[in-house]
Amino acid sequence: MSETMQSHYARTDLVEKLLDDLAKAGHDPKALQVTDLGEFDEFHVGKREASTRLAPLLDLKQDDTLIDIGCGIGGPARFFAEATGARVTGIDLTPDFIEAATELTRLVGLGEQVRFQLASGTEIPFEDARFDAATLMHVGMNIEDKQTLLSEMARVTRPGGRVLIYDLMRIADGELSFPMPWASFARFSFVDREAVYLEAAAAAGLTPTERISFHETARRFFDPPQENSPRSTTPGRPQRFENARQAVRTGIISPIARVFTRQ
Ligand SMILES: C[S@@+](CC[C@H](N)C(=O)[O-])C[C@H]1O[C@@H](n2cnc3c(N)ncnc32)[C@H](O)[C@@H]1O
């Protein structure tokens with residue numbers, strides 16, 4: 001399964017392409033800052049806008065520790081590090097992403113504060129209570145075994161620490177069309193209802209606190225105001241983006257953030 005998930009996300013020359021896009025957008029690739037990257041390095045609905053809303057809920061202070069599970073190319077990890085002063089460890093199962101995350105972090109000068117390593121969220125290679133907080137941003141859709149995932153997140157978080165999950169969750173029955181941004185085929189997609197997360201969290205010793213629906217953010221994300229039109233598809237957009245957009249528009253899935261406190 002993970003091989004197929006990894007090949008879904010695999011990309012070569014990620015950093016070169018990203019630096020190219022940044023230059024085209026008017027940024028100086030030789031003087032890169034975390035603030036320049038927000039539109040390019042966060043792979044979840046709402047990108048930097050969503051991370052900015054979520055960061056304060058982590059309750060982190062200078063030199064606290066955070067683990068970001070399924071960190072992608074490290075956008076959320078770098079942003080949370082800058083926003084809170086925490087030391088961040090990102091783990092991900094896609095080698096290309098870990099390589100790009102490490103290089104981008106070096107380029108913005110955060111190499112000491114933010115580290116990455118290849119590992120799975122269902123087998124986190126750290127000891128119990130090692131971190132002050134744990135985050136998971138748009139990764140649960142790739143993981144079938146939510147109980148093991150939540151139990152692992154709880155295990156590595158200290159008592160009293162925060163666990164944040166921000167995923168696309170199922171809010172109604174209805175068939176999803178594939179490819180989706182997180183999976184090329186239905187058999188590799190594990191979009192679940194919020195109740196599944198809540199049950200797994202309770203069994204893992206996590207008490208729910210805040211809840212934020214990002215439904216409005218998603219509507220703007222998939223249909224930016226200048227692009228509002230009666231057309232059902234927008235030429236040039238990848239099919240996986242269009243399929244996710246339709247699933248949000250028809251009310252089958254929605255991005256939801258849940259915060260928990262480790263008992
Ligand atoms: C949609 S991306 C989100 C990346 C990042 N969290 C962000 O918001 O920018 C999903 C990520 O989850 C990773 N992933 C999927 N299953 C995983 C697992 N079992 N353990 C760790 N990472 C996983 C993928 O490699 C990919 O980088």
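# Close-up views of a predicted model

**View 1. Strand β7 and its antiparallel partners.** In this predicted model, strands β5 and β7 run antiparallel and are joined by nine bridges. One of the residue pairs in this arrangement is L164 with V259, the latter lying in β7. Strand β6, which spans residues 206–213, also pairs with β7 in the antiparallel sense, here over six bridges, and T207 stands opposite T261 of β7. Strand β7 is mostly covered, since nine of its ten residues are buried.

View 2. When neighbours within four places in sequence are left aside, the contacts of M153 are I69, A134, L136 and V163. As background to this view, nonpolar side chains in soluble globular proteins tend to be buried together.

View 3. V163 is found in strand β5 and counts as buried because 29 other C-beta atoms lie within 10 Å, where 20 or more are required. If residues up to four places away in sequence are not counted, V163 touches A134, M153, A154, T157, L206, F260 and R262.

**View 4. Helix α4 and the elements packed against it.** In helix α4, which covers residues 47–54, the buried residues are K47, A50, S51 and L54. These buried residues line one face of the helix, because they fall within an arc of 100° when seen down the axis of α4. An α-helix has 3.6 residues a turn, so residues three or four places apart point the same way. The buried residues of α4 pack against α3 (34–41), α5, β5, α9 (215–222) and β7 (253–262).

View 5. K47, which is placed in helix α4, has a positive phi of about 40° although it is not a glycine. K47 is buried, with 20 other C-beta atoms within 10 Å. A positive phi is also found at D59, again a residue other than glycine, where the value is near 55°. D59 is placed in the loop between α4 and β1 (65–69) and is partly exposed, with 17 other C-beta atoms within 10 Å. The peptide bond that joins F178 and P179 is cis, with omega about 10°, and P179 is placed in the loop between β5 and α8 (194–204).

**View 6. The shell of residues around the ligand.** There are 25 residues around the ligand, of which F43, G70, G72, T94 and N142 come nearest. Helix α1 (2–9), helix α5 (75–84) and strand β2 (87–92) each supply at least two residues of this shell. Divided by class, the shell has 13 nonpolar, ten polar and two charged residues.

Key: Residues are numbered from 1 along each chain as its sequence is written. This is a predicted model: local features need pLDDT of at least 70, side-chain atom pairs count only at pLDDT 80 or more; totals for chains, interfaces and linings use all residues. Two residues are in contact if their C-beta atoms, placed from the backbone, lie within 7 Å. A residue is near a molecule or strand if its C-beta atom, placed from the backbone, lies within 6 Å of it. Helices (H or I, at least four residues) and strands (E, at least two) are DSSP runs, numbered from the N terminus. Ala, Val, Leu, Ile, Met, Phe, Trp, Tyr, Cys and Pro count as nonpolar, Asp, Glu, Lys and Arg as charged, and the others, Gly among them, as polar. A residue is buried if 20 or more other C-beta atoms lie within 10 Å of its own, exposed if 12 or fewer, and partly exposed in between; C-beta atoms are placed from the backbone. The arc is that of the directions from the helix axis to the C-beta atoms. Two strands pair if DSSP finds at least two bridges between them.
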